[in-house]
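Have the viewer open as you read.

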Amino acid sequence: MSFIGNEEQIRFLQDRFKYIYGILFIGIGVLLSRMFFLQMINGDQMRQYSEENRIKRVKIPAPRGMIFDREGKLLIDNRPAFFVNITPQYLKESGKPKEVIEQLSRVIKTPVEEIERKLQKVKGQASFMPVLIKDNLNRDEVAALETWKINMPGVQVEMGISRMNIAKDVGSNLYGYIGKISTTELPGLNQLLASNSSRKYQLDDSVGKSGLEKQFEEYLRGVDGSELVEVDAIGRSIQIAKNKGRVLAQNQEEPSVPGKNLILSIDQDLQNAAMKGFGATQGGLIAIDPRNGEVLAMVSRPSFDPADLSRGADADIWAKLISDENHPLRDKTIQDHFSPGSTFKTITAIAALEEGVITKDTTFNCTGSISVGNRAFHCWQKHGHGNVNVVSALTHSCDVFFYRVAQKLKSVDDIAKYAMHLGLGRKTGIEVGREVPGLIPTEAWKQQRFNAPWSSGETLSVAIGQGYDLTTTIQLANAYASLVNGGTLYKPTVVKTIQNEDSKVIKETIPQILDRTNLKKETVELVTEGLWGVVNAPGGTANWLHTPGLEFAGKTGTVQLFTQKADKLYLKCTNMPYKQRHHGVFVGYAPIKNPSIVVAVFAEHACSGSHGAAPVAKEVIETYLKKYYPDVYNDKAIAEAKKKPGAVFQSSGGD
Amino acid sequence: MSYTSMETNLDQQFDPNRMTTYEEEFKWLKWVPLILEILLLTWGMINLSSATAVEDKSAGLWKTQMITIGIGTVGTLILMFPHYSFLSRLAYLIYMGNLGLLLAVLAVGRSSLGAKRWIGFGGFSLQPSELMKLSMVIFLAKFFENKNTTNGLKFKDLIMPTIFVLIPLALIIVQPDLGTAMILMLVYGSILLFLRISPKLLVLITIAAAVALPVVYNYGLKPYQRQRITTFIDPMSDPKGAGYNSIQSMIAVGSGQLVGKGWKKGTQAHLNFLPEHHTDFIFSVFSEEWGFAWCSILLLLYMLFIMSGLSVAYRSNDKFATVLAFGITSIFFWHIFVNMGMVMGMLPIVGVPLPFMSYGGSALLTSMSGVAILVNIANKKYMF
């Protein structure tokens, strides 16, 4: 044992402890004396200093980065917002808290009880900390408060910054909103920022809570500056200290650094066209450039105005937004998934042609339904379509044709393979966050999920987009984009560049390829011919929208929310309760040759794709063509095209 | 060696019977460092919850501190039970590992307020310079375990250990983290003085330091570091600038008077007059809100804590453990002395946290590990 060898040394060391204790007692004695000197002898004076402490460093908030569209049009801006505080201690010292609250209540038109409730809620916190009473004061309220300030001790009007969507609620789901940091969020946010602590968040800071505001927080947020301000003993600012002519610190004012600006690929004209197209209809629209994945329009209805939420929303507005059963806070282009309905037939057609189970000459006779086992599978056209090939099946959206295709395919996995390569059933990775993946069923999936084998009848449902499959609007747009560009699947992107205040580009988005499907030339030709017919051929399901000279192609889809018995199947949708009505889906593209825009529309409970969704897409496509191809698509050319014989067909539209 | 040779060396003071009764009577003493740690941590958390109720970057951080205490408790249990001799076996490895972490800070560290002191692990960040205090003490205890120092250390004896101290010290100075570097120097000096330096060498070192000091002051320090010293000597030379922190801190302490302003009622802290009020200046928050009466009780607790650590060192019968326990205790002592001295305007402002009171994960984990090792040593003495 070491004791034995070291014993002499240990005893020697033990002997030294008397010095050590000596040093310890001297050290503690010094500290105690200093404490006594400061607190007991100089205490009165120090207490007085602390009460007179007047110079306080306060924050100059940095303006947040702005958001622009692809042409430099301002989308999201900062604007000053006024709010009113009460400092409880000063209110109490005024000796007439009741009168002050009553007067404030009259000026800001808020019930006395509500003000008292807000004061009550913060009972635990130090009484010299201001309590927020009302946000987003209007001009009249600010003026009135300034006038009556003298009579209302403890009440202060302060200014903050709120976010404004120039177009009110257009695109707000994409841009997102900012809000005050909560105590629970703060440590997490700062943990991520350990690398740059001059940017640490403080409790009254705002932070992006959703959409681009959240995803691009690190760029949009600036660096706050600070200045020294003379305050009274309860922290109310009197004036900027430097104006008093005092000699202050060399770094008395640190200027703020504004946040970076985002330049989006979004075109505000298309956003507005989408809004016009939707009208009162609800749902989501996304437009993608198939040549590089840039998102040209992204709109979700209903939406919200971010200005209402910027500085700690009014409880009533919040309650309304959250409890609204139409989900205004949800981005329906990426957060809602649904059965793709007939828009999925395009994928089934691709799978069948690529796998060689049908050719361009394969025809099936549609009699209105087929039976599999003892179950009947109906076509949406009760009386059938007669003999159809793949092109006319797409044009007329014939269900029976695709039932038969499904029967010929080896398994549902053949469809799933192409669906997945075209980006369905997985997140596209768009930089907005909160995206849902959707679902493309396979045999293995069903075995794992339900512990049951795949039944062949289910392949029939999948083939017409009414099975287990779930897709989002953005996935549909991207899948069609991949089809029309020959099989390249791009990652959709919204932010083109990030620039600093003097327009220097800091970061640029480069198109990213997610997947490549080597589609046969003939497959693409046949499928796109079918999609052309949907809008432009007699009897096409969206033919009623055909405008000569403004050609576009696409596919309609109508999503039944419930499996319905045959007698209810053909019931008029508009007679059903709103929440049970079918969803309408439409995915379209233009121009026919070398397409440069793909538009997918999800029209919630709009009954049909042809009447609910396609007109919205048309509005956007028309605006796009006229704006970007003015030589080809102008009013003169359209008028001439209309004169050509047989240019206008009549059709009521279908599935 | 045989038992008989040991017996011949024993003098009357080491009568085995007397030893046993003494030890049995004061059995509870072994747990004193841990008990005091729990007391100080509890009080520290009560104070931290006030200090982090300020509307700034510190808001809500006491929750993070609670998580660190949880991790530290697990660490304490792990460090307390195996025989401490594993620290002796692993001493050089621990030292090298910590050196590696310090190098990693240079390479991939996170910077904050112009200093690069942290390495990130997912959401957590670690400050290896804090851990180095403990690693260095373990290293030195091992290094001197088999060296006889009764006649005083000569110059050549100091060459090797000084090199091993200077390597991490240099890495810490470039971060820069002058507070930690200073603590390392103070602890190293304390251990050397404890082991005994030959009188001749001591005189020589004193002269060398006196000569080097002005040189270092003029050429070795950055302007802002020099300024801290000037303002320390005369804070009123620039009351709203460089001397601001020091003055505001003294006002906070003094304005606490006898019984303080009350918990969460300190205006200096809550109106943001105090810089870094949740970390290095935590004691100014405490003294403002609790006053002299409680401050002196806190100081008494710290003194008892240091004494309990010294008693572990004193009663150990293993030189490695004696030096280790002494070294750990000296880390605590210097932290307390330098931090409080700085907060009360007696020492220049350097970043040194107050053990168990300041917010900071790495420092807290180092402190809790230190206590665990002390308790381990106290309890293992008679287990063989």
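A quick word on burial: a residue is buried under 20% relative accessible area, exposed over 50%, and partly exposed in between, using a 1.4 Å probe and protein chains only. Keep in mind that this is a predicted model, where local features need pLDDT of at least 70, side-chain atom pairs count only at pLDDT 80 or more, and totals for chains, interfaces and linings use all residues. Residues are numbered from 1 along each chain as its sequence is written, chains are lettered from A and ligands numbered from 1 in the order in which they are written, and side-chain values use heavy atoms, with hydrogens and water left out.

**Salt bridges**

A salt bridge here is a side-chain nitrogen of Lys or Arg within 4 Å of a carboxyl oxygen of Asp or Glu. Over all chains, the structure holds 31 of them.

| Pair | N to O distance |
|---|---|
| Glu217(A) and Arg64(A) | 2.9 Å |
| Lys134(A) and Glu141(A) | 2.9 Å |
| Glu355(A) and Lys417(A) | 3.1 Å |

Take Glu217(A) and Arg64(A), which meet in a salt bridge. Glu217(A) belongs to helix 11 (residues 217-220) of chain A, while Arg64(A) is in the loop between strand 1 (55-60) and strand 2 (67-68) of that chain, so the pair ties together parts 153 residues apart in sequence. Helices (H or I, at least four residues) and strands (E, at least two) are DSSP runs, numbered from the N terminus. Is Arg64(A) buried or exposed? Arg64(A) counts as buried, at 9% relative accessibility, and Glu217(A) is buried as well, at 7%.

Glu141(A), the partner of Lys134(A), is buried too, at 5% relative accessibility.

Glu355(A) is partly exposed at 27%, and Lys417(A) is partly exposed at 38%. Elsewhere, Glu71(A), Lys73(A), Asp267(A), Asp269(A) and Lys627(A) are joined into one network by salt bridges that share partners.

**Nonpolar cores**

A nonpolar core is a set of buried Ala, Val, Leu, Ile, Met, Phe, Trp, Tyr and Cys residues joined through side-chain atoms within 4.5 Å. The largest one has 113 residues, and Phe283(B), Leu298(B), Tyr302(B), Leu324(B), Met340(B) and Phe356(B) touch the most other members. Apart from it lies another core, of 83 residues, including Ala351(A) and Leu519(A).

Which residues does Met340(B) touch, not counting those up to four places away in sequence? Its contacts (heavy atoms within 4.5 Å) include Leu31(A) and Met35(A) from chain A, plus Phe283(B) and Leu298(B) from chain B.

**Helix 8 of chain B and what follows**

Helix 8 of chain B has 18 residues and reaches 26 Å from its first C-alpha to its last, close to the 26 Å expected at 1.5 Å a residue; that expected span is 1.5 Å times one less than the number of residues. Among its buried residues are Ile183(B), Tyr188(B) and Phe194(B). Just after the helix, Arg196(B) takes a positive phi of about 95°.

Ser198(B) is in the loop between helix 8 (178-195) and helix 9 (199-220) of chain B. Ser198(B) is buried, at 9% relative accessible area, and touches Gly152(B), Leu153(B) and Lys154(B), leaving aside residues up to four places away in sequence.
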